[in-house]
Amino acid sequence: MALWNKIANAIDPSAPSADAIFTLSDRGAQPTAEQSGLSRLKDAMLRAQRALTHIENLAQALPEGQKAVEEAGDLTPDLCTNLDRLKAIFNIPSNKDVVVRPFNLMTDPPVECTLLYIDGMTNGDRINLAMHTMMQLPRMDRERAEPIDPETHPVGGDRVPEWTVSLDRIERELMVSAAVIRLHDIKSCIDALLVGDAVILIDGQKSALEIDVKLYPTRSVGEPANERTVWGPRDSFIESIRPNVVLVRRRMKDPRLVTEFFTIGRVSRSWVGMLYLNGLTSPKLVAEVRRRLSSIDLDMLTSVGVLQQSIEDRPNSVLPGTMVTERPDRTAAYLSEGNVVLMLDNTSQALICPVTFWSLMQTAEDYNVRPWTGTAVRWIRFLGLMLALLGPALYIAIVNYHADMLPTELLLFIAKSREKVPMPSLVELLAMDLSFWLILEATARIPSELGSTIGLIASLILGQAVVQAKIVGPVVLIVVALTSLAAFVVPNYLTGIGLRLIRITLVAAAAVLGMYGLVGFFFGLLLYLVHMRTLGVPFLAPLAPLSRPLGELGDMPPDYQMETRPGYTRTIDEQRQPPVVRAWDTDSFADREGKSLKGAERE
Amino acid sequence: MSKTHATTYGGHIEPRAGIRLIVITMISMLFLHYPVLAISWGGPATWQLVLMVLPLGLVIFWLYTKLANRFPGASLCQMAEAATGRLIGALLMVLVLVWLMGHLTLNLRDFTETFKTTLLPITPISIISLLLILCAAAAAWTGLEGLARVSQLLFVPIYLMLALVVVLNLPHIDASQYFPFWGFGLKRTALGALAFLPMLSEITLLLILGQVFRSARVFRQVGRSALIIYILTGLGMVLLLVGLFGSPDAQINPFALFSVARLISIGRWVERIEAVMIAFWVMAACVRISLLLYAACLHLAQLLRIPNHRPLVLPLLLIAEALSVLPEDFAAVLRTDQFWMQTAGAVALAIPPLILIVAVMRKKGGHSRAS
């Protein structure tokens, strides 16, 4: 078996072996009550095993834990030694960002201390408050300094401080900051400074104090730039992870909402928050996301796109398996459906994972409008998708290979419009499509003041000049404009770009083999999509493989009728809400029970 | 049972996907010349012929189910080996493989010729064939799960298109074409049904793929439903063809369904939609060729006790492609296909019941209660 796997791998290294594919579920049909129960039991066992492992590790570490922490620490009681090391690491005095503020504790004799922080990342008022309290210190009891053991502290300096103050007392009686942490090693001090906290080094102490004084320059919560809605909330994420988490928490006042933090990136050391609903989200999914995040070893992690590619099963795919969103309401909705959300500090987007293709076709507004309206809009979106994907390829196939499909009048019109056009229809279409891409790219990059000018030039050149000059026919212009417009109906930006790339290949296939080539390539595309999965969820679920509920794909049921969560996320509790949400409506009960209460009342 | 083979496919496919996969595989035959063959045997009463095939097919599949129940979880190779012994079993399975490869080869050429004639008359046949084999190779390489899911997605569009063709042609149907009621006579119709029966030989694929169905119940459900849907679709098609063209004309048109699609004309704007029709036809052909190739690879892998079918995809595909260019022209393809379907198909259809009889006589297997 291993030999054949090696051969298969040699032939196609990109194809994962059956054992290597992580699968959340591939259950196909709706599971029976027995299967569902078994699944929940497995989830419970998994969580219990994790808890037991955690307890076991704690129990093993407990007797020696404190000692180990102290021994691992490389701070010395000599303030100068510690300070010199930090100065060397931060290139002080060349580096003007790090502020070093020496001061004395007003004991008798005074004890030297140094406050360090990075300018601009901290709240000056909070630093002043901490300093004020410590510097106005009344006479304190003196304590003997701890002797320095040269074996355990080889980096220790020549001087052995004689006096110090109780760190416990400073921490408990003097520090007004809400969050004070003891640090035992230089690395922790560096990390603390880099995230915007202040560090206080005290002479005679082998530990330092970290005070939470962070204050980043952030903008206020604004409107989403890419996911606008007519109705609904208008707030969007900003470039700071904490306010972003708060924006979600405001919508989910549920104690089960957990935020785990990871630090990723050797240089960037970016914070990544993993949000999920404990007890609802599949523990297997949470464990897998945690495993993938813990395994990322990047240099710089500064964008959600990079994070997305770092955790997806198929990062080279043109269609994403996770969804980037800037809307807190959408994030909360997906969390409630059992998805895991990742937030990266310094970015204004969250990453919902995993998602299916159908999720990428939905907008936050869908559920704010009436069900029938929402359904109609969703179908128009699917129509736009098909048009954007197949429109140009169909045009090429019909014009070049199946012209007899067209009604005679239309055929004659197209033939007449192309009479003096020197280029073949394929070149015409590709040139126009490329021009449209150029306009898009240009308008996205240039200053907004020039946008209207570029638009005017583009419309004049593309809309009038090329047709009048007989470089391209008007029909091609209409086809390209229509399909480009349809591409914008697809709500997800990455999906829209991916579809454009697929469209080009479909056009090429149609140009070579007409409808036959187009369909053959489309078959290949379907084959690819049904195999695509992210974090164990098939990309085309719940349609392929089939799982319940299906209702949200085409038609959009009202929110009060969506009683179960999507099956593909394998949530622990699949029931979203009770079977009858509108409890005041007797018809709801009657429908549920299959009999009319009103009819009975009449009788 | 002898030593257990390594399973070449670790997963399962759900019943609905299985039904749709088998149905699409079988109804893609209706796009070729097979309905015309049936009409040549049954004449105006071809619908009776098709209806007679249904119970016969169900009886044969019932025997298949008995065999599957007798050897639960085993592949056809394992069943043959366990029932008839290693040598005879291997010989029987080689016969099945030969049938499969012949079927694959002829279908490949048949579809290629059809697409060339109807869609791309000036394109070289090798180029047309290339796309089909590329699709088949990709599908067979990635496995049955993906193919089943693609079938699941394509099933409704294909049937919608078939329904559209039927509905839009209803005004052209002449009911008098169904008379004389008994066609060429009941005896000839019954004989035609027997001759047509090997067209169901593809249900043997169910036994070859048997391990992918979660249980014997799913196996039974998939096979029975697929047979019924296929026969009913075939019934609709022959009724349409006879009603539109009459049995004498329908017998001489190898692209009958294509011609049916060409008849559609509504308001001078919806006309000549055969290219759209062919889009679904091509997809059905891709599914069929892919499944046949996958089944051949899987069957050979089981026969040779190779744990993975993937190394066999390219060799078998090349053999099929090389063999498919042997017939001189389309007429030769049609003749060979008819002969192959009736002889090799009958053999393939008969082998599993034969294995069952031998197993019963030799008291092999016997897990008949396991499901």
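Leaving aside its neighbours within four places in sequence, with which residues is M283(B) in contact? M283(B) is in contact with V519(A), F523(A), L154(B) and I158(B), where contact denotes C-beta atoms, placed from the backbone, within 7 Å. The model is predicted: local features need pLDDT of at least 70, side-chain atom pairs count only at pLDDT 80 or more, and totals for chains, interfaces and linings use all residues. Residues are numbered from 1 along each chain as its sequence is written, with chains lettered from A and ligands numbered from 1 in the order in which they are written.

**Interface and cores**

- The interface brings 38 residues of chain B into contact with 30 residues of chain A.
- On the chain B side, α1 (15-27), α6 (125-142), α7 (144-169), α12 (274-303) and α13 (310-324) each supply at least two residues; helices are DSSP runs of H or I with at least four residues, strands are E runs of at least two, and both are numbered from the N terminus.
- The largest nonpolar core has 229 residues, among which M283(B), L293(B), A296(B) and C297(B) touch the most other members; such a core is a set of buried Ala, Val, Leu, Ile, Met, Phe, Trp, Tyr and Cys residues joined through C-beta atoms within 7 Å.
- α12(B) gives the most to this core, with 25 residues.
- A second, separate core of 25 residues includes L79(A), M134(A), I211(A) and V213(A).

**Chain A overall**

- Chain A contains 18 helices and 14 strands.
- Of its 603 residues, 34% are buried, that is, have 20 or more other C-beta atoms, placed from the backbone, within 10 Å of their own.

**Helix α14(A)**

- The 21 residues of α14 (residues 448-468) of chain A should span 30 Å at 1.5 Å a residue, and the end C-alpha atoms are 30 Å apart, which agrees; the expected span is 1.5 Å times one less than the number of residues.
- A kink of about 30° is centred on I461(A), the bend being the angle between axes fitted to the seven residues ending there and the seven starting there.
- α14(A) is hardly covered, with one buried residue among its 21.

**Strand β11(A)**

- Because five of the five residues of β11 (residues 340-344) of chain A are buried, the strand is largely enclosed by the rest of the structure.
- β11(A) runs antiparallel to β9 (residues 270-277) of chain A, joined by four bridges; pairing requires at least two DSSP bridges.
- β11(A) and β12(A) form a hairpin with five residues between them, and N346(A) in the turn has a positive phi of about 70°.

Conventions: Contact = placed C-beta atoms within 7 Å. Buried ≥ 20, exposed ≤ 12 C-beta atoms within 10 Å, placed from the backbone.
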